[in-house]
Amino acid sequence: MIRDDIVRVQNFRKTYSDFVAVDSISFEVYRGEIFGLLGPNGAGKTTTLECLEGLRMPDSGTLRVMDVDPMRDYRRLRNLIGVQLQMSGMPDSISVRESMKFFCAYHRVAPRYDLLDRLGLSDKLDTQYYMLSIGQKRRLALALAVAHNPQVVFLDEPTAGLDVLSRSELHDVLRELQAAGTTIILSSHDMAEVEKLANRVAILLQGKIVASGTPRDLTAAGAGLTKISIHTEDSSVAKAEYFPAVRQKSSKDGYEIFYTTDPGATVLALLEFAKAHDDPLIDLRVERPTLEDRFLEITAHKEVVS
Amino acid sequence: MTAFVHHFSFEFRAGVRNRSLLLLNYLFPIGFYLLAGTLMTSLNPSFKEYLIPAMVFFTILTSTLLGLPDPIVSARESGIFRSYKIHGIPELAILIIPALTTILHTIVVAVLIVLTAPLLFQAVLPANWLSFVLSFFLMAFASAGIGLLIGVVSPSSRATILLAQALFLPSMMIGGLMFPAHMLPDALRTVALLLPSTHAVNILGGWTPGGIYTFNPYASAAVLYAGGALAFIMALILFNWDKDNPTRHVRPVFALLAFAPYVIAAVLTFVGI
């Protein structure tokens with residue numbers, strides 16, 4: 001199946017004086033997908049997004065968003081894309097209602113008060129920007145980013161500073177946008193969030209893409225160790241020297257944690273050991289490797305997946 | 001057009017909502033007008049002849065030189081312009097609309113002064129309304145251009161205050177607002193021609209029957225017009241969306257080009273032409 005790439009990045013490089021922020025990366029984002037850019041601080045995520053948004057000039061390489069060059073034709077790009085910046089601002093004295101009217105007027109669309117309602121800002125319509133909480137400011141930025149029905153939405157750390165409820169609301173909004181055919185590119189530190197939302201991810205490290213693919217493919221490409229956390233009354237299992245198939249072992253918050261290649265055999269052995277030592281079980285958890293585990297594995301070894 | 005109306009409407013309201021702008025657009029000029037009207041007219045009764053234009057020109061100076069630049073610097077520093085850019089708001093609107101709303105604020109205060117000064121302080125109304133209105137708009141245009149230019153080139157709020165005061169204080173002292181420019185020593189009279197207020201006062205004097213002027217009033221009008229136009233053009237050329245990511249690479253020192261008409265006027269006066 002031929003997929004329609006809506007964002008194309010080829011050999012993109014960006015430096016700040018001597019610091020190489022992004023080092024010749026290439027990737028595509030397909031129409032209608034949620035694409036996650038992951039990486040630690042300084043990995044080059046924001047630089048990549050800001051060059052795609054036309055806010056920064058790349059040193060070299062080709063960037064195209066819906067076949068538009070973001071730097072040469074950023075005015076045309078404005079109505080095609082929606083952007084929630086990591087660091088952006090609004091005039092302190094602008095109210096939520098005014099900001100919606102103001103920005104929608106420049107996009108030549110009617111104000112989308114329904115979005116403000118959807119994002120829990122309907123009771124803040126006349127509140128001035130400086131009086132909003134961080135979470136409310138980020139939700140307003142998201143509402144303004146998508147109010148003109150852009151075809152591609154760029155979100156830089158969209159849930160930073162949001163509480164659990166707001167985060168969940170925002171996830172629902174993103175899924176609705178995707179269902180409506182919008183392509184979403186988001187950068188985040190939150191691996192669980194990206195794993196849950198994104199169709200594909202690229203992991204950036206020191207300006208290079210060190211892994212890319214679907215979250216499932218990426219986790220499968222790792223060592224494949226299953227995490228077993230066990231909490232017993234006397235922590236007897238901590239004293240045992242050997243359990244079958246266990247490759248790594250650690251302790252945290254009263255739990256003994258085992259990383260195993262054969263979870264069935266390890267669980268059985270752990271339970272038998274605890275029973276034999278008359279040590280009552282309090283909790284037992286078996287977790288498959290997550291994107292975060294894979295990310296930590298990659299960043300620890302600086303492994304480059306071609 | 002709708003975008004312009006919303007932008008203009010918001011900027012105008014911001015000029016009242018924002019406490020420092022409220023102070024500089026209204027409270028400070030009105031307070032100073034009441035104080036000067038009370039003190040100066042009792043100390044020097046002839047000041048009643050100059051009270052209205054002096055206080056109106058003072059209002060222009062506070063709003064444009066002290067009030068206009070800092071919001072531009074703050075907006076650039078806090079990422080507001082980045083938000084504007086991603087929503088496609090053009091640089092021209094970002095610069096022109098605050099300048100226009102600031103001039104509108106000065107008109108409101110000017111009308112208040114014109115209406116109340118004769119009643120409160122027996123101030124003399126302008127003899128030539130056309131020259132008064134023309135000098136008002138030319139000075140507002142020129143000063144707003146300089147205010148924008150300061151906002152665009154200033155690297156921080158602290159530097160903005162220094163740059164603005166570098167023009168505001170001399171304008172107050174030797175710009176013809178507190179006492180007529182012809183009373184200044186020759187050297188200072190020449191230096192005063194570097195200031196928009198001197199030319200505005202000069203236009204008013206030159207086009208009023210029996211008025212005193214130190215420089216050809218038509219040339220003063222040309223200086224204010226050219227200075228204002230150059231300042232707006234240079235502000236547009238030097239405008240940057242982002243403090244960390246300059247998109248324009250013209251050196252800020254080129255902002256001084258906007259003062260070329262004032263310098264030419266001063267030089268011509270100095271050499272006696």
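## A helix pair in chain B

In this predicted model, the crossing of α10(B) and α11(B) is left-handed. Helix α10 of chain B covers residues 196-206 and helix α11 of chain B covers residues 217-238, and the two pack at an angle of about 145 degrees with their axes 8 Å apart.

On the side of α10(B), the contact is made by B:P196, B:H199, B:A200, B:N202, B:I203 and B:G206, while α11(B) brings B:P217, B:S220, B:A221, B:V223 and B:L224. Sorted by class, the residues of this contact are 7 nonpolar and 4 polar, with no charged residue among them.

## Where chain A meets chain B

The contact between the chains takes 27 residues from chain A and 27 residues from chain B. The area buried between them is about 2,500 Å², and carbon and sulfur atoms give 59% of that area. Within chain A, the residues that lose the most area to chain B are A:L55, A:F102 and A:Y106, which together account for 25% of what that side buries.

## Polar and charged links

Between chain A and chain B there are 4 salt bridges, and one salt bridge joins B:R17 to A:E98, whose closest N and O atoms are 2.6 Å apart. Across the same interface, 12 residue pairs are in polar contact, counting pairs with both residues at pLDDT 80 or more.

## The side of chain A

The helices α2 (74-77), α3 (96-107) and α5 (134-146) of chain A each supply at least two residues of the side that touches chain B, and the largest share, 7 residues, comes from α3(A). By class, this side of chain A has 14 nonpolar, 7 polar and 6 charged residues.

Terms used:
Residues are numbered from 1 along each chain as its sequence is written. Chains are lettered from A and ligands numbered from 1 in the order in which they are written. This is a predicted model: local features need pLDDT of at least 70, side-chain atom pairs count only at pLDDT 80 or more; totals for chains, interfaces and linings use all residues. Side-chain values use heavy atoms; hydrogens and water are left out. Contact means heavy atoms within 4.5 Å. Buried area is the accessible area (1.4 Å probe) that two parts lose on being put together, summed over both. A salt bridge is a side-chain nitrogen of Lys or Arg within 4 Å of a carboxyl oxygen of Asp or Glu. A polar contact is a pair of N or O atoms within 3.5 Å; within protein, one must be able to donate a hydrogen and the other to accept it, and residues adjacent in sequence count only if both atoms are side-chain atoms. Helices (H or I, at least four residues) and strands (E, at least two) are DSSP runs, numbered from the N terminus. Ala, Val, Leu, Ile, Met, Phe, Trp, Tyr, Cys and Pro count as nonpolar, Asp, Glu, Lys and Arg as charged, and the others, Gly among them, as polar. Axes are lines fitted to C-alpha atoms, for helices over the stretch in contact, and angles run from 0 to 180 degrees between N-to-C directions. A crossing is left-handed if the near helix is turned anticlockwise from the far one by less than a right angle, and right-handed if clockwise.
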